[in-house]
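Student: I've got a structure to go through and I'd like to talk it over. Can we take it piece by piece?

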Amino acid sequence: MPLHTTSYGDHGSPVVFCHGLFGQGRNWTQHAKALAADHRVLLVDMPDHGRSPWSERFDFVAAADQVAELMSADDPVALVGHSMGGKAAMVLALRHPELVERLCVVDVAPVAYPHASEFVGYIDAMLAIDLTTLADRAQADRALQDAVPDDGVRGFLLQNLRREGDDWRWQPNLELLREEIDEVGGWPTESLDESSYDGPVLWIGGSDSRYVLDDYAGAMERYFPRVRRVTVKGAGHWVHSEQPAVFLEVLRRFLD
């Protein structure tokens, strides 16, 4: 089954967005609508997320190749990816450079992160909710408060709770993501060999984030020799939602 997508705009150059862990394509809706006057925008639900099909194992190469199936070398795209989606976007550009006219990587680097396991607590709390007796979303919110005290993060996670008739379900493949969390936080070095992408690359990080550090610049430059780094003040890992106006302005300049 193909990945689920949502489109905005009917003319101009194509822009494809890939979301992060626990996200959905619609997380980019605000930015897609803003760009739709000048671009054809495609929002992708990544594998095992949103309305896209589930898989039997997590694999960045497989995920990148699935997203690549949405593109054509006759119409190369500006590819934007955040966090997990940023890693998939980087892998896609390295494996299929003919499909990517330019690349924007948001608050992630081509490295294996040691702190991905922190998300296991979120997953365990989500799975601990008995969906068969769940009355409403507010009850789910209360159930997550101890494990996820941050209101913004908890609200973000609860966007994945979907009601179908009288039943509730989580859209992401939570069991798989928990089992493969080291892969989610990893980087497929062996599959990429000495690959490099020679197109323009914009690397946006949040000033308060630990995902884009000076120590990671060497890895970024190894794969992407034309990279330009921008740090957004007052933003953490979710740069595009914490500083949406600044993020959009930086992205617009890159797309032009």
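Predicted model: local features only at pLDDT ≥ 70, side-chain atom pairs only at ≥ 80, totals over all residues.

Student: Then how many bridges join β8 to strand β9?

Tutor: β8 and β9 (residues 227-232) run parallel. One spot to look at is I204, which stands opposite V230 in β9. The bridges joining β8 to β9 number six.

Student: And on β5, which residue is the bridge partner of I204 in β8?

Tutor: β5 (residues 100-106) also pairs with β8 in the parallel sense, over four bridges. The partner of I204 there is V106.

Student: Are the faces of β8 covered or open?

Tutor: Take one side, and V201, W203 and G205 are buried; take the other, and L202, I204 and G206 are buried too. That puts six of six residues of β8 (201-206) in the buried class. Both faces are covered.

Student: Moving to helix α12, why do its buried residues line one face?

Tutor: The buried ones are F247, L248, V250, L251, F254 and L255. Seen down the axis of α12, they fall within an arc of 165°, so they line one face. In general, residues three or four places apart point the same way, because an α-helix has 3.6 residues a turn. Turned away from the buried side of α12 are the exposed A245 and R253.

Student: Is N173 buried or exposed?

Tutor: N173 sits in the loop between β7 and α7, and touches D48, W54 and S55. Its relative accessibility is 6%, and the cut-off for buried is under 20%, so N173 counts as buried.

How values were computed: Residues numbered from 1 in each chain as written. Heavy atoms only, no water. Buried < 20%, exposed > 50% of the residue type's maximum accessible area, 1.4 Å probe, protein only. Helix = DSSP H or I, 4+ residues; strand = E, 2+ residues; numbered from the N terminus. Arc of directions from axis to C-beta. Contact = heavy atoms within 4.5 Å. Pairing = 2+ DSSP bridges.
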